[in-house]
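My entries follow in the order I checked things.

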Amino acid sequence: MKKPIYLDYNATTPLDSAVLEAMLPFLKEEFGNASSSSHAYGWEASRAVEKSRKLIAEILSAKKQEVIFTSGATESNNLAILGLMANFRNSRSHIITSKIEHKAVLDVVKYLETTGVEVTQLEVNKYGQVLPEQVKNSIKSNTRLISIMMANNEIGTLQPITEIGQIAKQHGVFFHTDAAQSFGKIEIDVDKMGIDLLSISGHKIYGPKGVGALYIRSEKPKIVIQPQQFGGGQEHNIRPGTLNVPGIVGLAKAAELMINLRNDETFRIKNLQKKLINGVLENCPQAQLNGHPTERLCNNVSFSFHNLNADVFSLGLSGLAISSGSACSSAMAAPSYVLKAIGHSDGLARTTLRIGIGRSTTEEDIELCMSKILQMVKKSQEISI
Ligand SMILES: *Cc1c(COP(=O)(O)O)cnc(C)c1O
């Protein structure tokens, strides 16, 4: 059976072959434990880890010692939020986040709520944007942390991170951002953007799954993160455990490729995005683009279709690996909370498709995707009537 065309790059990406090449030695002959300081096996592993750390720090305009390695953006988000809030256990404190964060933030703050932390989940506008003014107005004397994602994984909307960072600084509140979708795609400068904590993931940038990193600001101000697990003291004791050397090398190689290819890839993928958006909107009056028309990830397209029966929707999309809603929510019966937050009814949320464009996507893939979507809508409309 022919495999469907992969257009779900916001869910995950394939490993780039150059990333695999960079990882292989560390899965084979360079197998040392980066903590083994008494012999060359350990030194080689440690050298590779520190080189990777330096590279990721440079991409963020951060310092090398401000980057620690984790198992992915989920862990980075958990560690950032739980580890920071643990400093304020004895006072009733407040977190500001949004309604459209990834579950790896929402479920963390939901948990914190059960421990007595106050949580404000900001509404977003119809494009999925948090308004800086709203952030400002929600700050209280006990607000400790603002956690707002850089780019949304379902609808691609970019948040006004620099403005939010400024507001956080002005009010002495710490600022975390989940950059799993945006890292490597848009330029990030943690100082200019006023970011104190930032989460990234390997498998969204053609790196391996199960590896990520957390940026932790070391000065102006110094952020203290309380460890959430205990062990051998690795990563300044903040995240102990034998380092995933091949994964870390792969994450850094993937990040390096993202930066080296960024200009060309952004241009090419943006054109494919435009082609798909215009093609569907022009030929399908029931289609609506979700997310912001311009302030969005270049590789995300999300459409909702009006007046279609959800039960027949997506029948006829065989041959395309795309997602309805987000990868994490589509298996569940409940409509996406992100789409609900931008004002969609349950029905409209259910007739939604997300197309993620990537490094190996061709013009032909996009043309085929477009014609399949148009066909599908036409068919399900006939059935719906
Ligand atoms: C994928 C993703 C995550 C989870 O990352 P993992 O590395 O899979 O744990 C978190 N946040 C966003 C925005 C994501 O897109």
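**Entry 1: what counts as a helix.** I needed a rule before naming any helix. Helices are DSSP runs of H or I, at least four residues long, numbered from the N terminus. I also noted that this is a predicted model.

With that rule, I looked up helix α4, which covers residues 103–114. Lys 110 and Asp 107 both lie in α4, three residues apart, about one turn of the helix. I wanted to know why that spacing matters. An α-helix has 3.6 residues a turn, so residues three or four places apart point the same way. The two side chains form a salt bridge, with the closest N and O atoms 3.9 Å apart. Asp 107, at 39%, counts as partly exposed.

Entry 2: I turned to helix α7, where Glu 256 and Lys 253 lie three residues apart, about one turn of the helix. Their side chains meet in a salt bridge at 3.5 Å, N to O. Glu 256 is partly exposed, with a relative accessible area of 29%. Lys 253 is also partly exposed, at 26%.

**Entry 3: a link across the chain.** Next I looked up Arg 354. Which residue does Arg 354 pair with in a salt bridge? The partner is Asp 8, and the closest N and O atoms are 3.1 Å apart. This pair links distant parts of the chain. Arg 354 sits in strand β12, while Asp 8 sits in the loop between β1 (5–6) and α1. They are 346 residues apart. I checked the accessibility of both. Arg 354 counts as buried because its relative accessibility is 2%, and the cut-off is under 20%. Asp 8 counts as buried too, at 12%.

I then asked how many salt bridges the structure holds. The count is 23. I also found a network of them linking Glu 50, Arg 53, Lys 64 and Glu 235. I wrote down the general idea beside it. Side chains of opposite charge can pair when their charged atoms come close.

**Entry 4: the two sides of α1.** I listed the buried residues of helix α1 (residues 17–27): Val 19, Ala 22, Met 23 and Phe 26. They cover an arc of only 90 degrees around the axis, so they lie on the same side of α1. On the other side, Ser 17 and Glu 21 are exposed. What covers the buried residues of α1? The cover includes α2 (40–59) and α7 (245–283). At the start of α1, a side-chain oxygen of Asp 16 reaches to within 2.9 Å of the backbone nitrogen of Ala 18.

**Entry 5: the three-stranded sheet.** Last, I traced an open sheet with the order β9-β10-β12 and antiparallel pairing. Its edge strands are β9 (287–289) and β12 (352–356), and each pairs on one side only. The twist averages 25 degrees from one strand to the next. Five bridges join β10 (residues 300–305) to β12. In this pairing I found Ser 304 opposite Thr 352 of β12. Helix α7 packs on the sheet and touches β9, β10 and β12. The direction of α7 makes about 10 degrees with that of β10.

Notes. Residues numbered from 1 in each chain as written. Predicted model: local features only at pLDDT ≥ 70, side-chain atom pairs only at ≥ 80, totals over all residues. Heavy atoms only, no water. Buried < 20%, exposed > 50% of the residue type's maximum accessible area, 1.4 Å probe, protein only. Arc of directions from axis to C-beta. Contact = heavy atoms within 4.5 Å. Polar contact = N/O pair within 3.5 Å; in protein donor to acceptor, adjacent residues only side chain to side chain. Pairing = 2+ DSSP bridges. Axes fitted to C-alpha atoms, helices over the stretch in contact; angles between N-to-C directions. Salt bridge = Lys/Arg side-chain N within 4 Å of Asp/Glu carboxyl O.
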